[in-house]
Amino acid sequence: MSTVKRQSSELRDEYAALTRQRIVVAFVESLADGAGDDVSMADVAKRAKVAERTIYRHFKTRAELLAAAGEWIEDNVFGYVPFTSPDELPDIFRKLCKSFDRHPHLARAIALTRAGRTMRAGFRRRLIEHHRKAMAPLTRHLKPKEVRQAEALATYLNNVLAWSALREDFGMSSGEIADAIEWALTTLLKDVRRRDTAAARLSSDKDSRSKRKRTAAKPPA
C-alpha cells in the first residue's frame with residue numbers, strides 16, 4: 001500500500017472512530033436528559049449531527065449501541081474503583097456519591113431505566129466478581145447461604161441503586177447517603193467476621209472431639 005493510500009485509510013478510520021464516539025455521547029446525553037427508555041435514534045442522530053442511517057452503519061442494533069454507551073460511561077463518568085478489601089468500600093462509595101451528584105440525571109437513568117440496566121450489565125457482573133473475591137477471606141468458614149448473603153449485601157450497598165433509593169425515597173444528601181452506607185457496610189463486615197470466627201471455632205472444636213474419639217477407640221498396642 002502506498003503512503004498516500006495508507007494515510008487516507010488512517011484518516012477514514014480516525015473519522016469513523018470520532019463519529020462513533022459522537023453517536024455514543026449523544027445517546028448518553030439523551031439518556032441523561034430524561035429520555036430514558038424512549039431515546040430515539042432520530043434524537044441521537046440530531047444530537048450527534050449525523051444522518052440516522054449513519055448510526056446503523058456503526059451500530060447494527062440498539063443493543064450494540066447500549067453496550068458501547070455502557071463502556072463509555074464506565075471509562076469516562078462512573079468508572080470502576082479497584083479495591084482488594086471490603087474495608088475499602090465505604091471510602092470508595094463516598095467518592096462515587098460525589099460522582100453521582102455531579103451527574104444525577106445520568107446516575108438515575110443508569111439505576112432505574114431498562115436501558116440503563118442493560119448498559120451496566122457487564123460492569124455489574126465484574127463488580128459482583130470483585131466483591132466476591134474481596135469478601136472471600138472473611139467468609140472461609142461460613143455456610144454457602146451466608147456467603148451469598150454477605151456478598152450480595154456488600155455489592156448492593158456499593159451501588160448506584162443504593163444511592164438512588166436513598167436520594168429519591170428519603171431525600172438524603174450525598175454526605176448523608178455516604179454516612180448511612182458506611183454504617184451499614186461497617187456493621188455488615190463486623191457481623192460477618194464475628195460469624196466466621198464462631199464458625200471456625202466450632203469447626204476446630206468438632207475436629208478436636210473427633211480426634212479424641214479416634215484416639216480413645218484405638219486399641220492398645
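Student: Is Ile23 buried or exposed?
Tutor: Residues under 20% relative accessible area count as buried, those over 50% as exposed, and those in between as partly exposed (1.4 Å probe, protein chains only). Ile23 has a relative accessible area of 0%, so Ile23 is buried.

Student: What kind of model is this, and how are its residues numbered?
Tutor: This is a predicted model, in which local features need pLDDT of at least 70, side-chain atom pairs count only at pLDDT 80 or more, and totals for chains, interfaces and linings use all residues. Side-chain values use heavy atoms, with hydrogens and water left out, and residues are numbered along each chain as its sequence is written, from 1.

Student: How many helices and strands does the protein have?
Tutor: Helices (H or I, at least four residues) and strands (E, at least two) are DSSP runs, numbered from the N terminus. Read along the sequence, the pattern is α-α-α-α-α-α-α-α-α-α-α. The secondary structure therefore comes, under this rule, to 11 helices and zero strands.

Student: Which helix holds Ile23, and which residues does Ile23 touch?
Tutor: Ile23 is found in helix α1. Ile23 and Ala69 are 46 residues apart in sequence, and their C-alpha atoms are 9.1 Å apart in space. Contact means heavy atoms within 4.5 Å. Leaving out residues up to four places away in sequence, Ile23 touches Val44, Ala48, Val50, Thr54, Ile55, His58, Phe59 and Leu65.

Student: Which residues does Ala26 touch?
Tutor: Ala26 is found in helix α1, residues 3-35, and is buried, with a relative accessible area of 2%. Ala26 and Asp43 are 17 residues apart in sequence and 8.4 Å apart from C-alpha to C-alpha. Residues up to four places away in sequence not being counted, Ala26 touches Val44, Arg47 and Ala48.

Student: Which residues have the most contacts inside the largest nonpolar core?
Tutor: A nonpolar core is a set of buried Ala, Val, Leu, Ile, Met, Phe, Trp, Tyr and Cys residues joined through side-chain atoms within 4.5 Å. The largest nonpolar core has 55 residues. Not counting residues up to four places away in sequence, Phe27 touches Val39, Met41, Val44, Arg62, Leu65, Leu66, Ala69 and Met119. The residues with the most contacts inside this core are Phe27 and Leu106.

Student: What share of the contacts in the protein with a separation of 6 or more joins residues 24 or more positions apart?
Tutor: Of the 221 residues in the protein, 36% are buried. The protein exposes about 13800 Å², of which carbon and sulfur atoms supply 54%; accessible areas come from the Shrake-Rupley method with a 1.4 Å probe, and for residues only the protein chains shown count as cover. Among contacts with a separation of 6 or more, the share of those between residues 24 or more positions apart is 70%.

Student: What is the volume of the largest cavity?
Tutor: On a 1 Å grid over the protein atoms alone, a cavity is a set of points where a 1.4 Å probe fits but cannot get out, while a pocket is an open set with protein on both sides within 12 Å along at least five of seven lines; lining residues have an atom within 4 Å of a point. Grid points are joined across faces, edges and corners, and a volume is the space filled by probe spheres set on the points. A search of the whole structure finds one cavity of 30 Å³ or more. The volume of the largest cavity is about 310 Å³.

Student: Which of the residues that line the largest cavity are closest to its centre?
Tutor: Helices α4, α5 (89-102) and α8 each supply at least two residues of this lining. Ala, Val, Leu, Ile, Met, Phe, Trp, Tyr, Cys and Pro count as nonpolar, Asp, Glu, Lys and Arg as charged, and the others, Gly among them, as polar. By class, the lining of the largest cavity has 13 nonpolar, four polar and three charged residues. Of the 20 residues that line the largest cavity, the closest to its centre are Phe78, Phe100, Phe123, Leu127 and Val160.

Student: Which helix supplies the largest share of the lining of the largest pocket?
Tutor: About 160 Å³ of space lies in the largest pocket. Its lining has 13 residues, and Ala67, Thr118, Met119, Ala121 and Gly122 are the closest to its centre. Helices α4 (62-76), α7 (114-119) and α8 (121-135) each supply at least two residues of the lining. The largest share, six residues, comes from α4.

Student: Which residues does Arg120 touch?
Tutor: Arg120 lies in the loop between α7 and α8, and its relative accessible area of 9% makes Arg120 buried. Leaving out residues up to four places away in sequence, Arg120 touches Ile110, Ala111, Asn159, Val160 and Leu161.
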